[in-house]
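Work through the exercises below with the structure open. Each task is followed by a solution in steps.

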Amino acid sequence: MILDKIESLLKEVSTLTAQNAEEVEQLRLKYLSKKGEISALMADFRNVAADEKKTVGMKINELKQLAQERINTLKESVATADTDINQLDLTRTPYPVALGSRHPLTIVRNEIIDIFGRMGFTLAQGPEVDDDLHVFTKLNFAADHPARDMQDTFFVEQNPNDVAKNVILRSHTSNDQSHYMETHQPPIRVICPGRVYRNEAISARAHCFFHQVEGLYVDKNVSFTDLKQVLLTFAREMFGADTKIRLRPSYFPFTEPSAEMDISCFICGGEGCGFCKHTGWVEILGCGMVDPNVLEACGIDSSVYTGYAFGMGVERIANLKYRVSDLRLFSENDARFLREFEAAQ
């Protein structure tokens, strides 16, 4: 009879289970759709005797309500299981895979290191937080030397009784050279890349931190001619075989004589343009012969050995190579800017 069928369906619905949303949908179609079990009971309801209609109708409503509640419960349970963190594969690579690229400063720094590496220079790196002794004193900066005012230094710890013991953020990578000369005897031929810090206002042309690469060569009979030839080779490797250089007298406490080096403008070929300010030349680095006082302070006999040193800003070289007008772009991590260098690796 119809009541027996309803009781059977009540027991069946109360024990329904499903493992996923697809199985839940199959149960809904089986019991609650227009062609489902409960709709079939409603069709049979028309043939029920009048005195039984009330009882049978109540049972059918009870079955329909139970089926609806049970299927809703199953739907919620499988939805929760699908989003359970324990079911997620956290090691799976997201799609689409966005390939990264090297930072333009890294590209330029590696190219500089590679060029000098092919000329026999090895890599040497030192601390970014260092003492005044290695950053200034051993490099021929006297305690009251006016050259100290040329570089606005960040002090970590100041010692008024002994300037050499001040702890500072290095303002140039020359401290790597003083450390290296203390622990190595000539011949010395090293390249020292690293980040440096100066207390300067941040603008399109200056920043409170930037990157340098400095080189040092100490041996017997090293001359300024050797320095000039190395720098000419570097300029032609970096900017093209037709690049010319010129050296202008300058001043640095740790070199004597000192010079600043310009390269012929590779945009106008030396004819003069807005990029080189119509001079035909662009400054790229400072250099000179290592001052004998620096050699002696680092334990090297200046009567036997001579040497040269040079230093350049990586941002400066990157600006020239890629014509980037704003230094801040190098440190702001704008993905749109960084994607422009994907082909430069």
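**Exercise 1.** Determine the handedness of the crossing of α5 and α8 in this predicted model, then describe the geometry and the contact.

Solution. 
- Step 1. The crossing of α5 and α8 is right-handed.
- Step 2. Two packed helices are described by the angle between their axes and by the distance between those axes.
- Step 3. For helix α5 (residues 104-117) and helix α8 (residues 224-239), the axes come within 10 Å and cross at roughly 135°.
- Step 4. On the α5 side, the contact is made by V108, E111, I112, I115 and F116. On the α8 side, V230, F234, E237 and M238 take part.
- Step 5. Sorted by class, the contact of α5 with α8 has 7 nonpolar, no polar and 2 charged residues.

**Exercise 2.** List the buried residues of α10 and state which elements they pack against.

Solution. 
- Step 1. Buried means under 20% relative accessible area.
- Step 2. In helix α10 (residues 314-322), the buried residues are V314, E315, I317, A318, N319 and L320.
- Step 3. These buried residues pack against the helices α5 and α8. They also pack against β6 (209-219), β9 (281-290) and β10 (306-313).
- Step 4. After α10 comes R323, with a positive phi near 55°.

**Exercise 3.** What is the strand order of the open sheet of 3 strands, and why is one side of β2 and of β3 left without a neighbour in the sheet?

Solution. 
- Step 1. The strand order is β2-β4-β3, and the pairing is antiparallel.
- Step 2. β2 (129-131) and β3 (154-157) are at the edges with a single partner strand each, so one side of each has no neighbour in the sheet.
- Step 3. From one strand to the next, the twist averages 40°.
- Step 4. β3 pairs with strand β4 (residues 167-169) in the antiparallel sense over 3 bridges.
- Step 5. The bridge partner of F154 in β4 is L169.

**Exercise 4.** How many bridges does the pairing of β7 and β8 run over, and how many residues join the two strands?

Solution. 
- Step 1. Strand β7 (residues 245-252) and strand β8 (residues 255-264) pair over 7 bridges, in the antiparallel sense.
- Step 2. F252 stands opposite T255 in β8.
- Step 3. The hairpin from β7 to β8 passes through 2 residues.

How values were computed. Residues numbered from 1 in each chain as written. Predicted model: local features only at pLDDT ≥ 70, side-chain atom pairs only at ≥ 80, totals over all residues. Heavy atoms only, no water. Pairing = 2+ DSSP bridges. Helix = DSSP H or I, 4+ residues; strand = E, 2+ residues; numbered from the N terminus. Axes fitted to C-alpha atoms, helices over the stretch in contact; angles between N-to-C directions. Left-handed = near helix turned anticlockwise from the far one by under 90°. Contact = heavy atoms within 4.5 Å. Nonpolar A, V, L, I, M, F, W, Y, C, P; charged D, E, K, R; others polar. Buried < 20%, exposed > 50% of the residue type's maximum accessible area, 1.4 Å probe, protein only.
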